[in-house]
Amino acid sequence: MTATLHGCLLSCLSSPGAMEETSSQKSGQSKDAVGSLTPEETPANFIYVKLEEYEPADFSTKELIRKKAREICTCDRQTIITFFCRLFPVLDWLPRYNVKTQLLGDVISGLLVGIVAIPQSISYSLLANQDPIYGIYTNFFCNIIYVAVATSRHNFVGSFGVLCLMIGQSVNRHLQLAGYNDDNAGSSLVGNSTSIRNGTGTCDRSCYAITVALSLSFLVGLYQILLGVLQLGFVAVYLSEPLLSGFVTGSSLTIITSQMKYLLGLKIPRHEGMGSFILTWVDLFRYIQNTNICDLVTSLVALAIIVPVKEINDRYKEKMKAPFPIELLVVIVATVISYYFNFEERYKSAVCGNIPTGFRKPTLPDINLFSSLAVDALPIAVIGFAMTVSLAEIFGKKHGYAVRANQEMIAIGMCNLVPSFFYCFASSAALSKTLLKESTGTQTQVSGLVTSLVLLLVLLWIAPLFYSLQTSILGVVTIANLQGGLRKFRDTPSMWRLSKLDTVVWWTTLLSSTLITTETGLLVGVCFALLCIIFRTQRPRAMLLGKVSNTEIYEDQSTYKQLSSIANIKIFRFESSLYYANKDYFKAVLYQKTGVNPIVLAAKHQRGETQANADTGNSKSFFGTRFGCLKQAKKRTEKPPADTCPPSIDMHTLILDCGAMQFIDTVGLSVLKETHRDYKEIGVQVLLANCNPSIRHRLQEGGWAGGTDSGGQLAFHSVHDAVQFAERWYHVQWEESKENKDALPDPEDLNFQMSS
């Protein structure tokens, strides 16, 4: 059966004479006669618009399952081709690759990104508590895999500072649990790890560190693939921009702290857990007298060169065809100087040491570590796919191509799962290198293959040349790439002006991820952001509306000037959905804004009525005198004697503007019912306006106005319709009350009979 919605639209009378005529027609009619008027006979000439809904489609779970099963089980040539093209987007765009227009931009971009990726791959390896060679492996393999399975044309996937920090913390924690001391802290992890496993099958510190990282990367990739397959990309929605920004900035501070020991050449233990940020700085000042002067001077000189040049690159990036590769230049010069002046032997400066060439045989992750790494892998997986999907969507919109978020999650999951067999740690889209890739004219992911070729040259021939590179230079490279995260401090004043709550979320996430732990800080930030959303819906803005002169527009009286109030009508707007968490606040703010608490007024009247019965044995009907006790407009001068009135209030109708309500639950419906009943007891009718279809259905099914069929009768399509109805309805009742002193008819009964 077709459901209908009954909306009330009014056509106002154009002349006072028409009103007088209708008033004379009603002379001598009784209450029952008024209640039985048809819409054509009423003075207001009510026009009831019935909006016919579409019949809801038949929903059968059984048929839906069958349909999906048929789609999945269908196996023909086209289905197989479509499946593989969706799983491997490279099969779709590579045959249409235009060598003449796209190849040059991809080659140039790939070369430049590869040059920048060389020093960052080595420096981020130290951040992840790994040998330098594994950072090069990670960037090499991830770029090749991402080319095949990604829908983004601009993302660069590889080692990312925040993820490397989280990986390093997890690896260091497991090293301590396994009994490996921290004797090599502050120096290279290479030591005696040129062979991954010795003849007896034991594993040294470096070997165990990469074993933990491989198992962690496998779990991260598994989580991300499952999220993509199950279409759970909405999880990233809960990582808002202020939250991610605060987390990245807080992680940047933690990264700077962890790299300070390399810049100073100190050998201090790596702290983990709550307070590690403060404890690290305490140790830095405690052992400051042991600073290696050679490392300190080298670091200061490198910072003085890299930071200004990177600032120039950022400021004039639109005018420069490509940024100047200052990091690689500094790394090369520093390596040459360290080699010829023998910094390692002469000044005891820490260097990278031997970096092997070639590839290692694939290995399996350690299944025994999965149980202890399962929790550590979860925040890494979430941050990894959040950064990847966010960057992919940003550049997809900028350059006008579609990005599939769930496919991107599968892509980044494959970039972590498959390389975990080839001595690679977890990765994600890297912000700085993605920006560089986009700004240097990349067209497709072919540039990623070019970057992998550059890294392949390093793996096969160039890597041993970095033997004399000081770890302090790697620390400088890492810190210099955190400028973007630290610049967010400059944005906090403007953020505070725009949204104080978002700024509080930013600071809360930053401080918790810095002062507690990185993973805990992320969790605290998410929980706090969700609490802020709950707080916003629990105590939303509420206001009384006034009318803009000569229009049908109603706005907040406390915000806009020169709004006129409607005589004896209060219009209340609640800017949130009505549900169990804000029901008490809704009633409290409604009573406060309208200045009418129906429960208190009804109780006062009841006490007065009881006293009158005791004194005179006869009490007057409360509803019979209700209209005489309203504060009338100036044109209405007739008032009943004051001693016969209940407490006087200045409204006969309360209109609830539900335009901002997305939904109401069963508790919210009960609150509306209570509100309607309470105001009805003091003679005030309650009308609803701007209800969306779902709320209308809930009202009709729940019978908010006293019956299943009456739920839609007093719910109007606009505030103006409700105001006009209230004015006309009151005028009819006022005229009737002057002629007939009996009890007034129920407004809902009158409305229902008019619509029938």
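Predicted model: local features only at pLDDT ≥ 70, side-chain atom pairs only at ≥ 80, totals over all residues.
Let me start with a pair of helices, H6 and H18, whose crossing is right-handed. Two packed helices are described by the angle between their axes and the distance between the axes. For this pair, helix H6 covers residues 99-127 and helix H18 covers residues 446-462, and their axes come within 7 Å and cross at roughly 45°. That angle makes H6 oblique to H18.

What classes of residue make up the contact of H6 with H18? There are 11 nonpolar residues, 6 polar ones and 1 charged one.

Let me now step back to the protein as a whole. It has 30 helices and 11 strands, and of its 756 residues, 52% are buried. Its exposed surface comes to about 36000 Å², and carbon and sulfur atoms supply 60% of that area. If we take the contacts between residues at least 6 apart in sequence, 81% of them join residues that are at least 24 apart.

Is Ser-428 buried or exposed? Its relative accessible area is 0%, so Ser-428 counts as buried. Setting aside neighbours within four places in sequence, Ser-428 is in contact with Phe-156, Val-157, Gly-158, Phe-160 and Leu-163, and also with Gly-384, Thr-388 and Ile-412.

The next residue is Glu-438, which belongs to helix H17, residues 431-439. Glu-438 has a relative accessible area of 15%, and because the cut-off for buried is under 20%, Glu-438 is buried as well. Again leaving out neighbours within four places in sequence, the residues in contact with Glu-438 are His-154, Phe-395, Lys-398 and His-399.

Finally, there is His-717, which you will find in the loop between strand S11, residues 715-716, and helix H29, residues 719-739. With a relative accessible area of 30%, His-717 is partly exposed. Where does the chain bring Asn-690 relative to His-717? The two are 27 residues apart in sequence, and in space their C-alpha atoms are 5.0 Å apart.

Note on methods. Residues numbered from 1 in each chain as written. Heavy atoms only, no water. Axes fitted to C-alpha atoms, helices over the stretch in contact; angles between N-to-C directions. Helix = DSSP H or I, 4+ residues; strand = E, 2+ residues; numbered from the N terminus. Parallel < 35°, antiparallel > 145°, perpendicular 65-115°, else oblique. Left-handed = near helix turned anticlockwise from the far one by under 90°. Nonpolar A, V, L, I, M, F, W, Y, C, P; charged D, E, K, R; others polar. Buried < 20%, exposed > 50% of the residue type's maximum accessible area, 1.4 Å probe, protein only. Contact = heavy atoms within 4.5 Å. Areas by Shrake-Rupley, 256 points an atom, 1.4 Å probe, with all protein chains shown as cover.
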